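This report covers a ligand shell, a helix pair and several individual residues. The sequence and structure come first.

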Amino acid sequence: TKPRKNTVPEFQFDDYMVKKAKTVNKALDEAIPLQKPIIIHEAMRYSLLAGGKRVRPVLCLAACELVGGDEALAIPMACAVEMIHTMSLIHDDLPCMDNDDLRRGKPTNHKVFGEETAVLAGDALLALAFKHVAARTSNVASGRVVKAIAELATAVGSEGLVAGQIVDIYSEGKDVTLKDLEYIHVHKTSVLLEAAVVCGAVMGGGNVIDVERVRKYARYIGLLFQVVDDILDVTKSSEELGKTAGKDLATDKATYPKLMGLSRAKKFAAELVGRAVEELSYFDAARAAPLYHLANYIAYRSN
Ligand code: GRG
């Protein structure tokens, strides 16, 4: 099929994000009642409901609607993706990993609940994510649910997030090439964004061609997300110079601006958003508007 003309209809993106994030927050709140043992459910809820932009679950819902599905079909999956993202942040912040004290503007999970509970809260969120999709998805053919679960599991395990984290850990203090950096980012960040989009489209009833098209879109925005994160590290650091040495400048962590220079990194980000949006031109422009604006939001966000 020929790409459609890429006209972008008027769209209130801020309202859209607020509305979708509200839906996701309500569903997440209901997914984890404060039951016994209270402490573990409290720890799970603490990080899961601590804010966050909710980019991944909103992408999941937007992809479901892009292919003509009702948002309700993908809500359990959107929650599962956010549960997995949150558990990866809890584990990433642990003293044996990044040893961070703050996350989403609040003390990290292990700072509040202790290391043992933080590890278990992460484990429990991971298990709940898969249970939630399997048990709560309704009106989707079971073959689609199984396909989406396999996609999500691949994005989490030793071919996904875990692969990115382990390679990142073993790269510390070594000379990292642009190729190594891309491997780390693709696995630590892009794979989950990709799974969010692909699983949303699968739950929404998308055909194979449409699913593979949104996958391509997701790959570009996944990489874009990290390039922009790296750029923000530098630009925020320079804004804060004089007060404190910024994160990126203070560590020997490899970043896109460090490896290619700030202006080339910005150019690369602009190229990625262009390529992502190009993939949307095959879809109905009104239905694709949320994903179009999400790509731009990721590219030009300020935090
Ligand atoms: C998944 C089993 C399993 C283990 C975890 C620790 C680990 C393995 C992976 C680390 C993954 C990680 C922390 C990647 C960084 C991803 C990233 C870009 C986070 C920031 O995402 P935002 O900006 O954050 O969407 P908010 O707070 O807005 O949700």
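A residue counts as buried if 20 or more other C-beta atoms lie within 10 Å of its own, as exposed if 12 or fewer do, and as partly exposed in between. The model discussed here is predicted. Arginine 54 has 22 other C-beta atoms within 10 Å, so arginine 54 is buried. Arginine 54 sits in the loop between α2 and α3 (55-66). Its phi is near 65 degrees, a positive value in a residue that is not glycine.

Arginine 104 also has a positive phi, about 50 degrees, although it is not a glycine. The loop that holds arginine 104 runs between β1 (102-103) and β2 (106-107). Because 13 other C-beta atoms lie within 10 Å, arginine 104 is partly exposed.

## A cis peptide bond

Lysine 36 and proline 37 are joined by a cis peptide bond, with omega about -10 degrees. Proline 37 belongs to the loop between α1 (13-31) and α2 (38-48).

## Shell around the ligand

The ligand is surrounded by 18 residues. The closest are Gly52, Lys53, Asp92, Leu161 and Gln165. By class, the shell contains seven nonpolar, six polar and five charged residues.

Helices α4 (75-93), α8 (161-171) and α9 (178-203) each contribute at least two residues to this shell. The largest share, five residues, is from α4.

## Packing of α4 and α9

Two of the helices that supply the shell, α4 and α9, also pack against each other, at an angle of about 165 degrees and with their axes 10 Å apart. Because of that angle, α4 is roughly antiparallel to α9. The crossing of the two helices is right-handed.

On the α4 side, the contact is formed by Met77, Val81, Ile84 and His85. These meet Leu192, Ala195, Ala196, Cys199, Gly200 and Met203 in α9. The residues of this contact comprise eight nonpolar, two polar and no charged.

## Valine 167

Which helix holds valine 167? Valine 167 lies in α8. With 15 C-beta neighbours inside 10 Å, valine 167 is therefore counted as partly exposed.

Leaving aside residues up to four places away in sequence, valine 167 touches Tyr183, Ile184 and His187. Glycine 143 is 24 residues from valine 167 along the chain, and the C-alpha atoms of these two residues are separated by 33 Å.

Terms used
Residues numbered from 1 in each chain as written. Predicted model: local features only at pLDDT ≥ 70, side-chain atom pairs only at ≥ 80, totals over all residues. Near = placed C-beta within 6 Å. Helix = DSSP H or I, 4+ residues; strand = E, 2+ residues; numbered from the N terminus. Nonpolar A, V, L, I, M, F, W, Y, C, P; charged D, E, K, R; others polar. Axes fitted to C-alpha atoms, helices over the stretch in contact; angles between N-to-C directions. Parallel < 35°, antiparallel > 145°, perpendicular 65-115°, else oblique. Left-handed = near helix turned anticlockwise from the far one by under 90°. Contact = placed C-beta atoms within 7 Å.
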